[in-house]
Amino acid sequence: MRDWWRDWRIRLISNPKFRQKISRFWPFSRVARRHARRLFDISAGFVYSQTLMACVELDWFERLAAGPVSLSVLTDECVLGRSGVERLVAAAAALDLLELRAGEYVALGQLGAALIGDKGVVAMAAHHHLLYADLANPLALLGSGESRTALGDFWGYAKSDPSGLTAERVRDYSQLMADSQPMVAEQVLAAFDFKGAQRVLDVGGGTGAFVSAVGAAHPHIDFEVFDLPGVAELASVPTTLGLVRHGGNFCTDPLPTGADIITLIRIIHDHDDDVVDQLLTNIRQSLSADGVLLIAEPLAQAPGAETVGDVYFGFYLLAMGSGKARTVPEINQLLQRNGFAPVRQHPTPVPLICSVLTTHPV
């Protein structure tokens, strides 16, 4: 019956004469306008994102953080010319990134203000030209198999053996991860209580940005980070954390023992099932019987964040050449076949950024 109802509704909506009729009558007209707006936003999404990227490249959000600036000053500070500045400001204002005020002054809009101090979103926007290049022909990308991509080149571990990657080779993506970790750490700390932990091992922990955030909230914890040798060379963490760094391949090299919590922060969705199986087997051998494995990452089909897992990461990870966003049942299947109990899901304030799952060895 549910499918019949959906099919009947789709047949009505797809009928042009029906759409014309309902668009004239409230409350159906509101539904029609909402559908039209959503379709337009999907079609125009690339232009929206390029508007954001242009403002990021001009550093306008930081420039306007101290207060409004005139259009003339913005024009003098860049090479766009007056007409180019006016067009970009109008576009950004329509997206609530900026706000055009009386006297031709430009101020931050609400969304632009939210970007101040959020290096993660700004860094993601700045590197998206790689994704857009790979998406220039989406059908070719979907059928490309092992062809070379811009994102695959950027994320050096995605399509090749990561063990030999140098610090210089991993520097750019490690910095991007470090910039975006604080917003993830905020979600994790809101969802999970680290109060009783004594030692935390962050596997794939990059330069240590996540453990720095947790350590600021829980200074009693001892922290360890395990990542590729090249990444470990870049680690820069406050000495007050007493951080121990380990370099190696987390699939093939033994992991340190003794941690009562092991964290995987945006790691599983970056890798295919065979790699995740190796990683989880390795963690299972390292984690004590009463230890906890904490997983934080965007999920597929997460309520309220469906477009993040199935649309954004669906194509992003395809272009990257490794991994996929998974549902909770899919992650459960991976865990249980590698010696872990079914997960417990901890609600996060903004599931669009990440969800938090915990499990333990069985």
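Is M1 buried or exposed? I looked up its accessibility: M1 counts as exposed because its relative accessibility is 81% (buried is under 20% relative accessible area, exposed over 50%, partly exposed in between, with a 1.4 Å probe and protein chains only).

I noted that this is a predicted model, where local features need pLDDT of at least 70, side-chain atom pairs count only at pLDDT 80 or more, and totals for chains, interfaces and linings use all residues. Residues are numbered from 1 along each chain as its sequence is written, and side-chain values use heavy atoms, with hydrogens and water left out.

**Overall.** I found 16 helices and 10 strands in the protein (DSSP runs numbered from the N terminus: helices H or I of at least four residues, strands E of at least two). Of the 362 residues, 46% are buried. The C-alpha atoms fill a box of roughly 65 × 60 × 45 Å along the principal axes.

I placed M1 in the segment before α1 (2–13).

**A94.** I found A94 in helix α6 (residues 81–94). A94 counts as exposed because its relative accessibility is 69%. Between A94 and Y48 I read 46 residues in sequence and 9.7 Å in space, C-alpha to C-alpha.

**α11 and α12.** I checked how helix α11 (residues 167–191) packs on helix α12 (residues 209–217): the angle is about 40° and the axes are 8 Å apart (axes are lines fitted to C-alpha atoms, for helices over the stretch in contact, and angles run from 0 to 180 degrees between N-to-C directions). Therefore α11 is oblique to α12 (under 35 degrees is roughly parallel, over 145 roughly antiparallel, 65 to 115 roughly perpendicular, the rest oblique).
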